[in-house]
Amino acid sequence: MSVPATMRFIDHGKGGPPSVLVPASGPVPQPGEGEVLIRVAYAGVNRPDVLQRSGNYPPPPGASPYLGLEASGEVAAVGTGVTQYKVGDAVCALTNGGAYAEYVAVPAGQTLPVPSGLSLLQAAALPETYFTVWTNVIERGRLKTGETILVHGGSSGIGITAIQMAKAWSATVYTTVGNDAKAEACRLLGADYAVDYRKQDFVDEVMRLTNQRGVDLILDMVGGDYIARNLRCLALEGRLVQIAFLQPSKVEVDWMPLMLKRLTFTGSTLRARPAAEKARLAGELRRHIWPNLEQGRMLPVIHKVFDLSEAAAAHALMESSTHIGKIMLKVAG
């Protein structure tokens, strides 16, 4: 498998609206020690990409300056010290950046084999959301079998993954959505209750549905006034996990419920974690989630696939929040 000297990638220049995303040409990255070079078939579009394009989420030191945090494709070359993959292997990967390109170099530990029975398109939709949900719902959120969870933004890529993973843990799942179509989609994927936040107060609904007990765990990417409202609908010893802020991160909150209900408020980001930690998470996914995927459970939902050259349109769709599931870029072919 020959590797060319140059490749197509999506340039976002100095940042700005979706229109700044344009195809460009540049050198193919070289895999360093412990890395694999992937010839990209598909790349996923995620909210952090939108933030980076807007100038609000700079890549960590040493990461590719290009957009894109997940990809699938074939191994095109391996760096020194890599023994688990060979040229031609079909893989998907959580990248540190650079997936909006024909080639991307990734630490081998952040790379996983394509689950048996899944396409390269499906595989590219896995890493960012499944790594994120595993570490925040199962590990930081400590979801236990039979507990209750509220997932905000249930029709997003993260939301759909969280619903399905929580159901695999036999949890009762509540979710918030913006319209009837999204509510139906979430129920079909396993959500027990879907609350339309445009028509109903999710705090009142969750408390009513739980007989005023509240839920054990909340996964939130909204922030703003949701923080205080989340505290109100957590049960005794409940946990709130913050993974993003679509609303402001600076808010005034009455923290008394934190003490009275012995709550835990935590959060995390994924991109800046060291390679060893991401490799550990990859191992957990391969042990606990990959078997489910290979048996046809917990599969990603693909909303729309754009050509790499249409990255601007893909970002515009992401910002519209009208999609249900993942937005993808086709790179190869």
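Guide: One term before we start: a pocket here is an open set of grid points with protein on both sides within 12 Å along at least five of seven lines. Keep in mind that this is a predicted model.

Visitor: How much space lies in the second largest pocket?
Guide: The volume is the space filled by probe spheres set on the grid points. For the second largest pocket that comes to about 350 Å³.

Visitor: Which residues are closest to the centre of that second largest pocket?
Guide: A residue counts as lining if it has an atom within 4 Å of a point, and 26 residues line the second largest pocket. They divide into 15 nonpolar, seven polar and four charged. The closest to the centre are Gly-62, Ala-63, Ser-64, Asn-96 and Ala-105.

Visitor: Which element gives the most to the lining of the second largest pocket?
Guide: β6 (103-107) and α9 (275-288) each supply at least two residues. The top contributor, with five residues, is β6.

Visitor: Why is the pair of Phe-9 and Tyr-66 called stacked?
Guide: There are five aromatic pairs by the rule used here. Planes under 30 degrees apart count as stacked. The ring centres of Phe-9 and Tyr-66 are 4.0 Å apart and their planes sit at 15°, so the pair is stacked.

Visitor: How many residues apart are Phe-9 and Tyr-66?
Guide: Phe-9 is in strand β1 (residues 6-11), while Tyr-66 is in the loop between α1 (47-53) and β4 (70-78). The pair links distant parts of the chain, and the two are 57 residues apart.

Visitor: What kind of aromatic pair do Trp-134 and Trp-169 form?
Guide: Trp-134 belongs to helix α3 (residues 127-140), and Trp-169 to the loop between α4 (157-168) and β9 (172-177). Their centres are 5.8 Å apart with 75° between the planes. Over 60 degrees is the cut-off, so the pair is edge-to-face.

Visitor: Is Trp-134 buried or exposed?
Guide: Buried means under 20% relative accessible area. Trp-134 has 4%, so this residue is buried.

Visitor: How many of the twelve residues of α4 are buried?
Guide: α4 is mostly covered, and what covers its buried residues includes α3, β8 (148-151), β9, α5 (180-188), β11 (215-220) and β15 (326-330). Among the buried ones are Ile-158, Ile-160 and Met-165.

Visitor: Which residue just after α4 takes a positive phi?
Guide: α4 itself reaches 17 Å from its first C-alpha to its last, close to the 16 Å expected. Just after α4, the residue with a positive phi, about 60°, is Ser-170.

Definitions and conventions: Residues are numbered from 1 along each chain as its sequence is written. This is a predicted model: local features need pLDDT of at least 70, side-chain atom pairs count only at pLDDT 80 or more; totals for chains, interfaces and linings use all residues. Side-chain values use heavy atoms; hydrogens and water are left out. On a 1 Å grid over the protein atoms alone, a cavity is a set of points where a 1.4 Å probe fits but cannot get out, and a pocket is an open set with protein on both sides within 12 Å along at least five of seven lines; lining residues have an atom within 4 Å of a point. Helices (H or I, at least four residues) and strands (E, at least two) are DSSP runs, numbered from the N terminus. Ala, Val, Leu, Ile, Met, Phe, Trp, Tyr, Cys and Pro count as nonpolar, Asp, Glu, Lys and Arg as charged, and the others, Gly among them, as polar. Rings of Phe, Tyr and Trp (its six-membered ring) pair if their centres lie within 6.5 Å; planes under 30 degrees apart count as stacked, over 60 as edge-to-face and the rest as tilted. Buried means under 20% relative accessible area, exposed over 50%, partly exposed in between (1.4 Å probe, protein chains only). The expected span of a helix is 1.5 Å times one less than its number of residues. Contact means heavy atoms within 4.5 Å.
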